[in-house]
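Please consult the sequence and structure shown below.

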Amino acid sequence: MHNTFTKAASHSKPVRLIAWLAFIVLLTHNLGMGAQAPVNLGNAGNYVILAKSGISTVPPSAVTGNLGVSPINSTAITGFSLILDSSGQFSTSAQVTGKVYAPDYASPTPVNLTSAVNDMQTAYTAAAGRTLPDYTELGSGNIGGMTLAAGLYKWSTGVTIPTDVTLSGGSNDVWVFQIAGDLSIAGATSVILSGGAQAQNIFWQVAGGVGVDLGTTSQFEGTIMAAAGINMENGASINGRLLAQTAVTLDANSITASPVAASLSFGSISYATNGTVSLTITNTPGLALTIQTSTNLTSWTTLTTLTPTSSPYVFVDTTESAYSMLFYRAFYYP
């Protein structure tokens, strides 16, 4: 199955500028259709909980996915009764179906965590920087009882969810919520998905200084990207991710990692006089990526299918070509 983010990039010799401008026009047109692209989490997507200053729990919590802290070390992960693996690279816990990482563990864990935290901050900034919102100041920040279509939502205040809210849309629809204040959902309240909407395509960017509070036994959906902390009260659950630039606090919670929303785009393209082409691709780590080339945008030749473990990925095409123009495209396979 071809990913919907398939794009073509081009290089040429005498007509390189014309081909490049054509690519930009097509890309701008696609983005102008109003649909949001998923936020690219990069290596932060390898974690269900990622925090800079600590993760604590009042047992028993049930976490499905990897946990990570950085730059704070493993002493800031409390309540999990961690057991260090013999490799020294991660710990395990009876409360975690996955691995627990900290920067005081063995290589390559510290480097991987630094990359993930950087990507977490990049994703937060990218989500906050999206423009032309579809909805502004909806409900003056109170969205309880509403049914929300996909799109970009923006508030200059905090957002509260005192009663159930429904996100209604298809499986490829994307919701991005830009919240200048804090975010809270009341106890025994749910974010409900309908029409095929998926948690992996929902992103809550929260800039408030207090952060996020998920009330007792509430059910939440989507990736939370908080400038401050994330607090889950007793019995609350989430299908998504908790990415906090301070700490995450749990209390007998259920946290399940949603699949990573696929993201794919071309960055810089360089062409050497010997015919070598270098393509920078912003991708979703862990997904099989197929790269193809064409001289006419009709017939395509597969150059490689591989699974990059980090993003961005630089692909180098060393096949010298006699053609004056070549096009490239990339898509996830299958």
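This is a predicted model: local features need pLDDT of at least 70, side-chain atom pairs count only at pLDDT 80 or more; totals for chains, interfaces and linings use all residues.

The second largest pocket has a lining of 16 residues, and Asn46, Tyr47, Tyr101, Pro108 and Asn112 are the ones nearest its centre. The space in this pocket amounts to about 260 Å³.

**Pocket lining**
- Strand S9 (96-101) and helix H2 (109-128) each contribute at least two residues to the lining of the second largest pocket.
- The most is given by H2, with five residues.
- The lining comprises six nonpolar, nine polar and one charged residues.

**Cavities**
- The structure holds two cavities of 30 Å³ or more.
- The second largest cavity has a volume of about 30 Å³, and residues lining the second largest cavity include Val39, Leu41, Phe203, Arg241 and Pro259.
- Six nonpolar, three polar and one charged residues make up the lining of the second largest cavity.

**Aromatic contacts**
- Eight aromatic pairs are found in the whole structure.
- Phenylalanine 90 and tyrosine 101 form a tilted pair, at 6.1 Å centre to centre and 55 degrees between the planes.
- Phenylalanine 90 lies in the loop between strand S7 (83-84) and strand S8 (91-93), and tyrosine 101 in strand S9, 11 residues apart.
- Phenylalanine 90 is buried at 11% relative accessibility, and tyrosine 101 is buried at 16%.
- Phenylalanine 177 and tryptophan 204 are stacked, because their ring centres are 4.0 Å apart and their planes are at 15 degrees.
- Phenylalanine 177 is in strand S15 (residues 175-179) and tryptophan 204 in strand S18 (residues 202-206), so this pair ties together parts 27 residues apart in sequence.
- One aromatic cluster is formed by Tyr135, Tyr153, Trp155, Phe177, Trp204 and Phe220.
- Over the ring of phenylalanine 90 sits the charged end of lysine 99, 4.4 Å from the ring centre.

Terms used:
Residues are numbered from 1 along each chain as its sequence is written. Side-chain values use heavy atoms; hydrogens and water are left out. On a 1 Å grid over the protein atoms alone, a cavity is a set of points where a 1.4 Å probe fits but cannot get out, and a pocket is an open set with protein on both sides within 12 Å along at least five of seven lines; lining residues have an atom within 4 Å of a point. Grid points are joined across faces, edges and corners, and a volume is the space filled by probe spheres set on the points. Ala, Val, Leu, Ile, Met, Phe, Trp, Tyr, Cys and Pro count as nonpolar, Asp, Glu, Lys and Arg as charged, and the others, Gly among them, as polar. Helices (H or I, at least four residues) and strands (E, at least two) are DSSP runs, numbered from the N terminus. Rings of Phe, Tyr and Trp (its six-membered ring) pair if their centres lie within 6.5 Å; planes under 30 degrees apart count as stacked, over 60 as edge-to-face and the rest as tilted. Buried means under 20% relative accessible area, exposed over 50%, partly exposed in between (1.4 Å probe, protein chains only). A charge sits over a ring if NZ of Lys or CZ of Arg is within 6 Å of the ring centre and within 35 degrees of the ring normal.
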